[in-house]
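Here are my notes on this model. Please read them with the structure open.

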Amino acid sequence: MKQRKLTFLMIFSLLFLLCSCGTSGSEVSVQRVDRLTAVGQAGDRFAGMVVSEHVEQIPKDSNKTVKELYVTEGQTVSAGDKLFSYDSASLQLDVEKQQLEVEKLKQEKTALASQLADLQKQLGAAGDSATRARLTLEINTQKTNQMENDYQLAAKEKELQALADTAAHADILSPIDGTIRQINESSESGPYITIQQSGAFKVKGSINEMSLGNQLSAGIRVRVVSRIDPNQTWMGTVTSVDMKSNAQKEPEGASPSGNDGSGASLTTSSSYPFYVELDSTDGLLLGQHVYMEVVPEGTQPGVWLPASFLTDLNSDNTSGKVWADNGKGKLELRTVTLGSFAEETGCYEITSGLSLEDYVADPNASNCQSGAAVVYRNDSDFGGDPTWTDGDMGDEDYLSEDDSLPEEYLPEDSSAAPEAAGSADLGD
């Protein structure tokens with residue numbers, strides 16, 4: 001595994017150098033630091049989607065009438081905002097009716113107690129056994145009636161209190177900040193209003209069981225990359241792999257048609273969902289499609305750079321220089337301070353002088369000199385997104401851009417998937 005990572009890193013650096021040398025005039029290719037570090041872990045890349053951490057479901061009392069609805073689907077609300085209100089006039093009528101029933105039960109309670117006392121008085125004065133037996137039976141029956149009355153009275157008083165509270169607070173308020181995702185006015189069952197909490201995002205991905213054992217587990221750090229802008233990234237940590245969820249069954253190595261191209265049926269393997277908690281959700285949108293890349297152990301937190309991009313290292317490898325974009329489209333030779341070295345990725349930790357958002361050039365690139373114009377390169381300039389050859393990504397690992405919430409995963413159109421040529425180019 002370690003050897004594969006180092007080999008891929010060397011190949012990528014060579015491709016970067018060749019592309020840099022191929023630019024016209026005095027231009028020099030540069031690439032963002034975080035993208036270079038991400039390539040160092042070839043194969044550990046997954047498709048994912050931003051989902052909500054929490055969904056609040058607000059019920060509606062079928063015995064009450066909604067007077068006014070204050071929100072619409074898609075509307076953003078804050079905690080404490082009015083969602084809807086019940087008809088307070090009808091609620092007051094309900095309260096009055098309930099009060100009458102409570103009063104009636106109280107009167108029955110008094111009457112039962114009086115009747116029981118009279119029966120017990122008669123029993124004390126009875127002389128013959130037959131009369132005593134009859135009175136005893138009536139007394140027991142009356143006691144049963146008293147117990148039933150007490151139960152009904154307690155239940156009615158509880159209902160009265162609830163109705164009184166509702167009448168006093170006819171406005172139903174949002175318990176969270178979020179977005180109204182659904183209003184179900186017709187159904188008698190299920191939530192009336194569904195709110196997705198804002199800000200508390202996580203990313204859901206899918207991993208094949210063939211790769212599960214040695215690639216992903218709780219605690220693994222990942223880099224989340226926007227599918228629209230590969231320079232937009234977030235960091236996060238895998239919180240769980242849901243092995244209890246209904247796994248998707250996917251043909252192992254299959255094309256979108258479900259066979260190997262010859263019509264032969266293939267064996268199937270399962271894919272399981274996993275979840276990533278983000279360090280920051282700034283700039284993320286609910287439902288956004290992203291990629292996730294496993295970050296090599298020991299490379300976070302901090303800035304890490306492949307050793308091939310460093311020059312003029314001092315004797316104890318605590319400082320060196322790097323050709324970097326000066327922020328104005330020109331190249332400069334910048335001194336950086338070095339920390340530890342990760343043998344598994346061939347990367348140095350940069351403790352000062354460079355950030356993940358900086359752009360750097362290969363020091364061996366043609367025309368690599370101070371003041372040279374820079375050309376910003378991304379993954380597509382190197383033959384498209386890399387096609388991993390170890391089976392970590394397949395058609396099942398892509399999300400459709402038309403995918404709908406909450407979390408359905410569908411094969412992406414074949415034109416959007418990584419091309420096999422990307423793998424062939426590396427092999428040449």
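1. In β19, Cys347 is the bridge partner of Pro306. Strands here are DSSP runs of E, at least two residues, and helices are runs of H or I, at least four residues, each numbered from the N terminus. Four bridges join β16 to β19 (residues 347-352), and the two strands run antiparallel.

2. A word on the source. This is a predicted model: local features need pLDDT of at least 70, side-chain atom pairs count only at pLDDT 80 or more, and totals for chains, interfaces and linings use all residues. Residues are numbered from 1 along each chain as its sequence is written, and side-chain values use heavy atoms, leaving out hydrogens and water.

3. Now the cysteines. Cys347 counts as buried, at 1% relative accessibility. Cys368 is buried too, with a relative accessible area of 15%. Buried means under 20% relative accessible area, with a 1.4 Å probe and protein chains only. The whole structure has zero disulfides (a disulfide is a pair of cysteine sulfur atoms within 2.5 Å).

4. Last, a helix pair. α3 (residues 88-125) and α4 (residues 129-168) pack at about 160°, with axes 8 Å apart. Axes are lines fitted to C-alpha atoms over the stretch in contact, and angles run from 0 to 180 degrees between N-to-C directions. α3 and α4 are therefore roughly antiparallel (angles over 145 degrees).

Definitions and conventions
Angles under 35 degrees count as roughly parallel, over 145 as roughly antiparallel, 65 to 115 as roughly perpendicular and the rest as oblique. Two strands pair if DSSP finds at least two bridges between them. Buried means under 20% relative accessible area, exposed over 50%, partly exposed in between (1.4 Å probe, protein chains only).
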